[in-house]
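Reader: I've got a model open on my screen and would like to talk through a few spots in it. Can you take me around?

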Amino acid sequence: RTTAFLFALILIAACIDSIKNKIKDHSEKPESTEGKEISIIEKEPIIEPKFITNNLKLIELKDLYGYWVGSFIPDIGDEEFDEYADMDDIEHWDHINKITVSIDSISGDSLIGHSVVAGNRRPFKGTIKLDEKMYKIDVNEPGTDPYDGHFEFSIALDGDKISGTWEAYRNIEIKKRRYALKKRLFKYNPDAELTAGSAFYDWNQVKIKKYKFEDETYKEYAYLTTTSDVNKFNPSKRLLSKKDIENLGKADLYILRNSIYAKHGYTFKKRPVRAYFDNMNWYMPLYTDIKDQLTDIELKNIKLLLSYEEHAKAYYDVFGR
């Protein structure tokens with residue numbers, strides 16, 4: 001009887017372990033991302049560049065290692081994009097993002113790297129070939145994210161840009177893009193300043209103003225925006241006081257706080273704030289998590305800014321005035 005009882009206990013314990021393992025296995029399976037926003041949870045392993053040379057031109061193959069940064073342009077079949085062109089003449093201008101393509105490892109004709117854009121970091125791998133002093137790279141992202149796709153780009157020996165195209169695997173809003181990226185060396189710089197005169201507008205937060213002119217009623221759209229006060233402080237340089245920020249507007253507080261993350265290479269998911277920092281020449285999207293890089297001053301300022309941000313008065317102005 002004792003032996004039978006012990007055997008039964010062993011069977012029960014084994015069943016419990018089996019159930020636990022099944023639950024664990026199920027919980028670790030990645031949830032389907034079909035139709036969802038970009039996920040910043042990186043299921044696939046991503047490495048940083050093996051090493052980075054200081055050469056900003058491709059003198060030798062190892063100069064490819066590192067971060068290549070520039071505009072990620074919707075490809076709608078028009079003429080080649082000029083990054084200095086008038087944005088009003090370009091369809092989907094509000095979908096132009098700054099992208100970082102990182103070359104992390106090269107072995108023979110195999111290349112490994114990752115892309116960083118719009119709040120997403122995605123690994124890729126593929127091939128690299130030399131063809132008449134032109135390196136041609138063909139790489140693929142894993143396909144486990146709805147915004148994964150296929151990159152093709154090239155760079156000439158003694159060249160300073162990698163140029164090419166990207167096409168999504170799935171039928172998303174902007175299926176094709178193009179880019180011409182320059183190598184950038186990243187170093188955290190607490191002295192980086194917000195560009196004076198460059199206002200942040202959140203076009204998702206709008207007020208409609210009605211007015212009459214010659215017996216006609218017109219609508220004017222005003223958007224949540226920053227004021228010139230946003231340029232008064234650098235929250236990475238010194239501790240802010242309550243007196244400093246108690247009269248700042250909601251957008252000013254929001255941008256000051258996010259300027260801290262931007263200096264550390266944080267890639268923003270929300271389009272309005274992403275568009276604002278993409279226009280800062282010092283900004284490079286590199287990481288989805290930078291909390292371990294924040295300084296003591298920055299951590300204290302973030303806490304203070306957040307405490308005022310929620311209840312601050314919002315300032316609205318007409319976009320482009």
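This is a predicted model: local features need pLDDT of at least 70, side-chain atom pairs count only at pLDDT 80 or more; totals for chains, interfaces and linings use all residues.

Reader: How many bridges pair β3 with β4?

Author: Strand β3 covers residues 110–117 and β4 covers 120–130. The number of bridges between the two strands is 8.

Reader: Which residue in the turn between β3 and β4 has a positive phi?

Author: The two strands form a hairpin with 2 residues between them. One turn residue has a phi of about 55°, and that's A118.

Reader: And what is the bridge partner of I128 in β5?

Author: β4 also pairs with β5, residues 134–140, again antiparallel, through 6 bridges. That hairpin has 3 residues between the strands, with E132 at a positive phi near 50°. Across from I128, the partner in β5 is I137.

Reader: Is Y169 buried, partly exposed or exposed?

Author: Y169 sits in the loop between β7 and β8. Its relative accessible area is 38%. Buried needs under 20% and exposed needs over 50%, so Y169 counts as partly exposed.

Reader: Which backbone oxygen does the Y169 side chain reach?

Author: Beyond its sequence neighbours, Y169 is in contact with several residues, including N140, D148, G149 and K175. At 3.0 Å, its side chain reaches the backbone oxygen of G149.

Reader: What is the area of the nonpolar surface patch that includes I52?

Author: I52 lies in the loop between α1 and β1, and is partly exposed at 36% relative accessibility. Together with L56 and L185, I52 makes a patch of about 240 Å².

Terms used: Residues are numbered from 1 along each chain as its sequence is written. Side-chain values use heavy atoms; hydrogens and water are left out. Patches are made of residues with over 30% relative accessible area and no salt bridge: like charges are joined within 9 Å, nonpolar side chains (Val, Leu, Ile, Met, Phe, Trp, Tyr) within 5 Å. Accessible areas come from the Shrake-Rupley method with a 1.4 Å probe; for residues, only the protein chains shown count as cover. A salt bridge is a side-chain nitrogen of Lys or Arg within 4 Å of a carboxyl oxygen of Asp or Glu. Helices (H or I, at least four residues) and strands (E, at least two) are DSSP runs, numbered from the N terminus. Buried means under 20% relative accessible area, exposed over 50%, partly exposed in between (1.4 Å probe, protein chains only). Two strands pair if DSSP finds at least two bridges between them. Contact means heavy atoms within 4.5 Å. A polar contact is a pair of N or O atoms within 3.5 Å; within protein, one must be able to donate a hydrogen and the other to accept it, and residues adjacent in sequence count only if both atoms are side-chain atoms. Lists of a residue's contacts leave out its neighbours within four places in sequence.
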